[in-house]
Amino acid sequence: MEKKIPTTCTRDCPSCCSIMLTVKDGRIISHRADPRNPITRNFLCVKGTNYLKRYNSPERILTPLLRNGNGFLPISWDEALDTAAERLTKIRAESGPLSTLWAQYSGSLSLLNLIMPRMFWIHFGGSTMTRGGISIDALQAAQEHDFGACLLHEPQDLKNSGSIVVWGRNPAVTHVHLLPFIREARKNGAELTVVDSRYSETARLADHHIAPRPGGDGYLAMAVAKEIQHRWDEVPDFVKGRSEGWEAYLAMLEQYEEAELLQRADVSREQVKHLASCYWGHKPCATFLGLGVNWWKEGGANSRLIHALVFMSGNIGIPGGGANFFNMEFPFDTAVFKEEMAKAAARGLTPLKPRRLLLPLLAREIEEAQDPPIRLAWISMFNPVASAPDSNHMKKALQNLDFVIVTEQFMTATARCADLIFPATTYLEEDDVMYSHGSSYMGPVTAAVKPKGETRSNMQIFQGLAEKLGFGEALQGKPWKWISRTWALLDDMDISMEAVKRGPVKRVQPLIPYENGVFRTKDGKFQFITDYAGRKDEEDGLFLLMVKRRSLLNTQLLDQDAETIPTVSLNPKTMAEMDLKEGERVWVSSPLDRLEAILRASEFTRPDVAELGPSVWKDDQGGVNRLHRAVISDLGPTAAVNETKVTIRKAS
Ligand code: SF4
């Protein structure tokens, strides 16, 4: 008999698609968009459309694996959990709980995948954790600094926009469900301008494309603010009355001559005039910021200079406007952590305050950690050897530890460094809840079929280990029991668990953030950036910009679909200067490593840029991150991967 089962994609993607599965005789026969979600509508991206291939892939890890020399031996769950329990107990007894590193990132963003590991480490007595990231962190920190929160307008609000500026973001690849709303807004008369050093897939759809010097976004934002300075006496009262630092911001702008800003941003006066007309002449202007402005040493300042432009031009707190990034407010009740701390105390345990290592510098931080040193790493939903900068260093740092445990679905570059691998389920085999960070929708994650092989969810893995470690009742219970413990804020919104189990539900969030002129900052005011030290390009070479592919989410790619070699695109003028030809094999070298790529000529690539894609490929352990230097941004921090410069040489 066929059954329809609603679920939600849990991948690190702002769309958070609602999905309707058809299950027959215990097999999933279809995995399609659930059109009841008005944001994700009736389509999935390429990765979603191919998800059953991932779930059914013969490459999946289906049993626990224990290192045996250079390979792995399948072992039973009992042996695997005993091994992990024995190692964890021994290392905790010898060096304390902080000698264990728990490193988790965004492989799945569902609620239990985020909270259950934290519960485990509370009951274990603490662990070393990470701070910062390799993705959104500078921009998120900048939003929280300036607005007091990271909120966005619902995509439907674009119908109110007179212009749309997509700045350092490529939704045609990374947020495909934004595109229909942009298209509808354009039919309504809004013009789309893309600011991106790359001629991205979104830039190809735009009315205007501006390609500043990589990292020059802050200078461009200042140039546009100066361009509208003759209108400053028309700046709405809202701007002056509801902000902190307006005068100091103006004084900062005064320090720069227009010509200097144009030169530093490498844009024309006409381009600046055009952007000024978006912000002032074609209001409301909706801005969508993306990772392209954040992956720099000045990623936080770049973002803040754009926020200042959006705010001072009167495009905050009005329909059709906004400095939109993501919606990072999730209504789960964090009291559950306190309750678990109390339960741990009742067992006679006082969990240590976690020690935090900087995620963008993780390899170095692991090696330098003292009192106690890191001896064991537990890595879940994260493939740092491929997705964190300086992969070779990351690999070496993991290999030098006493013991590495990885929970994974596939034999990733990080799993290859493990001593013990726990085979993990996909979202088709788990019960959970997902909150979108691209809209205010949430939805159920439903275990529609039995887990493949002997795979287990992260929650089940930690529950099994909790039993072995004698945590008593702690961590036990079914997924929805745990979800219910986080539900108080949703109860206040009149959202029932039963409704969410049935499909997508809109949670209560402001439609137009800051519409009342009150910001979530301490003083309730918008915070202007008042100081910008500028940027220095210290190294010679070409900027290395990564190209995200539609088929690839970060490093989540099946080996069978992976390309065997990346391509690198250069401007034909750059190629001529280097005596290089289309189709040649070249070495792309940074100070850290080199990799081989096939050369492509593109008129649309800036002469100071090398565009490399995809970011991982077959049989490579680190992908493009072998080249990326581990450098951090000013806020967040995030990995400032775009700071890496490369040289290109013929591969002979
Ligand atoms: S990856 Fe994003 S767009 Fe694709 S199915 Fe998942 S949520 Fe939807």
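Before the residues, one cut-off: a residue counts as buried when its relative accessible area is under 20%, with a 1.4 Å probe and protein chains only. Tyr-51 is at 3% relative accessibility, so Tyr-51 is buried. Tyr-427, with a relative accessible area of 2%, is buried as well. Keep in mind that this is a predicted model.

Now the aromatic pairs. The structure holds 31 of them. In the pair of Tyr-51 and Tyr-427, the ring centres are 4.2 Å apart and the planes are at 15 degrees, so this pair is stacked. Tyr-51 is in helix α2, residues 51–56, while Tyr-427 is in the loop between β17 and β18, so the pair links parts of the chain 376 residues apart.

Next, Phe-311 and Phe-526. They are stacked too, at 4.1 Å centre to centre with 15 degrees between the planes.

Two charges sit over rings. The charged end of Lys-452 is over the ring of Tyr-55, 4.8 Å from its centre. Arg-594 lies over the face of Trp-587, at 3.5 Å from the ring centre.

Last, the ligand. Which residues are closest to the ligand? They are Cys-9, Cys-13, Cys-16, Cys-17 and Cys-45, out of nine that surround it. By type, the shell has six nonpolar residues, three polar and no charged.

Note on methods: Residues are numbered from 1 along each chain as its sequence is written. This is a predicted model: local features need pLDDT of at least 70, side-chain atom pairs count only at pLDDT 80 or more; totals for chains, interfaces and linings use all residues. Side-chain values use heavy atoms; hydrogens and water are left out. A residue is near a molecule or strand if one of its heavy atoms lies within 4 Å of it. Ala, Val, Leu, Ile, Met, Phe, Trp, Tyr, Cys and Pro count as nonpolar, Asp, Glu, Lys and Arg as charged, and the others, Gly among them, as polar. Rings of Phe, Tyr and Trp (its six-membered ring) pair if their centres lie within 6.5 Å; planes under 30 degrees apart count as stacked, over 60 as edge-to-face and the rest as tilted. Helices (H or I, at least four residues) and strands (E, at least two) are DSSP runs, numbered from the N terminus. Buried means under 20% relative accessible area, exposed over 50%, partly exposed in between (1.4 Å probe, protein chains only). A charge sits over a ring if NZ of Lys or CZ of Arg is within 6 Å of the ring centre and within 35 degrees of the ring normal.
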